[in-house]
Amino acid sequence: MRFLPEVRINYWALGGVACVFIFALFYPTHFLIADEWQYFEQARNWSTGSTNTYLCPPCPGPCNAARPGEYPPGTALLAILFIWAGGPTAVFWQSLLCWLLGLWAIAHTLRQYDAPAYWIAYAALFLPALALTRTLMSDMPSFLLAALFLRVFLGWQNNRAGRFAAGFIGGLALLFRETNILWVLPFLSGALVRKLPFATFLWAGFLAGLVLRLLSSAWLYDHPFFVKDPGISFALRALPANLFFYSVLLMVLLPGSLWLWWNSRHPSRSEIGWCAGLLLLAYGCYDYPAFAKSGYKALVLQGRFLVPLVPFLTLAAATATLGAQRWMKTGLALAAGILFPAVQAAGWWFNTEQKKLTAALNQLPVQTHISFSPEESVKYLNALYDSKKIVNGLEVFPDGMKCQTQWYVHLLSRSETTERRKKANWGEQVLFNRFKAWNIVPVHNQLIGDGTRLRIWRLQLRGNHE
C-alpha cells in the first residue's frame, strides 16, 4: 500500500536547475570579449544617463562624449532589465537564461513531433554557445528568438494570432542582429510558396517587429536604417576557408548536424536548409580573420555566428531517419552533462586570472588609467568594478599631459598570434617614441595563465623629482 503519491521527476527541468546552480557557483566576473564592454556601456548609458568617459583627455578640458557603441540596441535594452533587477554585475545572467529558455522552446517543438526528449542534450553540445552563456553578447538572445520562432511557427500555425506572433518574433530578432533575417526569410518565403494558412499574418507580424527596430534606431542613432559599420569587408576570397571551418564546426561540435539534416524527414527540411545555406554564405564571405587575431579563441569568436542555427538543426536531427539509437540517449545526456560544467569551470578560471590584472591596476594611486592597449583594458577596468577612467594612450601626446608631472601608463599584450604580438609591439613603440622627453620607469610586469601580460610604467617629466 502506498501512503505517498507517486512523484514524477522531470529530469530535464532538474538539469536546468543544476545549470543555474553551476553557473551561480562559477559566476562570471569579467568580460571575456571586448565587444561585451560596448553592450554594457550602451545599457549603462541608456539606463542611468551616464556619459562615456573613454575618449576624454587626461588633463582637464573639453570632453567629447561619444556613443558607447553602435550595435543593434536589443542586447543592451535587454541588459537594462538585469541592471535594474540586480545591479551591473547581474548582466551575466542574461545569456544563460536566454540559453535555458531556448532549450525549453526546443523541447516543446520536439514534443510536438514526438521526437525523443534526449535531443535537447544535442542542442546543448554546441561549444561556442556554451562559452557564450558567460558573456554579454547578442548571440544567446538570437538563439532564444530563433528557438521561439520555430516553436510558434510550427506549433501555432492554424490561427491568425499564432502566425502573427511567429512573424513578430522574427522581426524582433533584427533588434539584436541584422543577419537574423537570414533564418527568418526562408520561412516567410516558404509560407508564400507553400500557400500556408494565414501567410499574410505571418508577414504582418514580421513587419510589426521590424518597425520596432526602425523606431529604436531612429531614437537612439538618429536614423531608422542605421547599421553599424563592422570595419570588416565581405569578400568571396574568404568563402573557401570559412566554409571549410563552418562545415567542420557543424559536423564536430554539433555532431553530424549537416548529415542529419540531409536525412531529416521534417516538413520544414527545405526551409531549414535555406537557413543554414544563407548563414553559411553570408558569414563565409565575412572576411573576419578570427584565427589571426585570437588564435584558438576563434573557435568561439567565429563559431558564434552559427548559434542561431542550433534550434533548426536540432529539429532536423531529431526527425532524421536513423538506425538503432539505444546509445544516443545516454551518450548525448552524458556529453552535455560533462561539457556544461567544464566550460563554466574553465570560464571561472579565466575570470580568476583576469582578477589578478584588475587588482594590479586598481592598486595604482590614480583615477585615470592611460592605456596603450585600450581594446584590452576595457575588459579589466570598467564600471563593473569602479568608476575609474580609461584614456586611449595611442591618442594622447606629451603636450596635453603637462598638467601633471607624473603619470602611470600600461599595456596589456597577448601572444597567441603574430597579429597580437605586432599590436603589442606597436603600442610599446608608440609609448617610447612619443615620450622621449620623459623618464619611463617600469613598475609592474605580470603574466597570467591565458597568456595575457600586463606591464605598467611610471612616466616622470624630466627635471622633476619623485
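The views show a predicted model, in which local features need pLDDT of at least 70, side-chain atom pairs count only at pLDDT 80 or more, and totals for chains, interfaces and linings use all residues. Residues are numbered from 1 along each chain as its sequence is written, and side-chain values use heavy atoms, with hydrogens and water left out.

**Figure 1. Confidence along the protein chain.** The mean pLDDT (the predictor's confidence in each residue, from 0 to 100) of the protein chain is 89, and 93% of its residues reach 70 or more. Helices (H or I, at least four residues) and strands (E, at least two) are DSSP runs, numbered from the N terminus. Confidence is highest in helix H7 (residues 139-155), at a mean of 97, and lowest in helix H14 (residues 290-294), at 73. Where pLDDT is low, the predicted coordinates should not be read in detail.

Figure 2. Rolling a probe the size of a water molecule over the atoms shows where empty space is left. On a 1 Å grid over the protein atoms alone, a pocket is an open set of points where a 1.4 Å probe fits, with protein on both sides within 12 Å along at least five of seven lines; lining residues have an atom within 4 Å of a point. The second largest pocket holds about 1,100 Å³ of space, where grid points are joined across faces, edges and corners and the volume is the space filled by probe spheres set on the points. Helices H1 (11-25), H4 (93-112), H5 (119-123) and H17 (326-362) each supply at least two of the lining residues, and H1 gives the largest share, 11 residues. By class, 27 residues of the lining are nonpolar, five polar and four charged; Ala, Val, Leu, Ile, Met, Phe, Trp, Tyr, Cys and Pro count as nonpolar, Asp, Glu, Lys and Arg as charged, and the others, Gly among them, as polar.

**Figure 3. Two aspartates with positive phi.** Asp114 lies in the loop between H4 and H5 and has a positive phi of about 55° although it is not a glycine. Asp114 is exposed, with a relative accessible area of 72%; buried means under 20% relative accessible area, exposed over 50%, and partly exposed in between (1.4 Å probe, protein chains only). Asp222 is found in the loop between helix H10 (199-221) and helix H11 (239-252). Asp222, likewise not a glycine, has a positive phi of about 65° and counts as exposed at 64% relative accessibility.

**Figure 4. Val184 in helix H9.** Val184 belongs to helix H9 (residues 181-193) and is buried, with a relative accessible area of 0%. Not counting residues up to four places away in sequence, Val184 touches Gly170 and Phe206. The C-alpha atom of Val184 is separated by 16 Å from that of Ala316, 132 residues apart along the chain.

**Figure 5. The parallel pairings of strand E1.** Two strands pair if DSSP finds at least two bridges between them. Strand E1 (residues 368-371) pairs with E2 in the parallel sense over four bridges. His369 has Ile390 in E2 as its bridge partner, and Ser371 has Asn392. E1 also pairs in the parallel sense with strand E3 (residues 406-413), over two bridges, where Ile370 stands opposite Val409. Both faces of E1 are covered, with Thr368 and Ile370 buried on one side and His369 and Ser371 on the other. Strand E2 (residues 389-392) is likewise covered on both faces: Lys389 and Val391 are buried on one side, and Ile390 and Asn392 on the other.

**Figure 6. Strand E5 and its antiparallel partners.** Strand E5 (residues 453-461) is mostly covered, with eight of its nine residues buried. E3 pairs with E5 in the antiparallel sense over eight bridges, and the bridge partner of Leu411 in E5 is Arg455. Strand E4 (residues 438-447) runs antiparallel to E5, joined by nine bridges, with Leu447 opposite Arg453. E4 and E5 form a hairpin with five residues between them, and Gly451 in the turn has a positive phi of about 95°.

Key:
Contact = heavy atoms within 4.5 Å.
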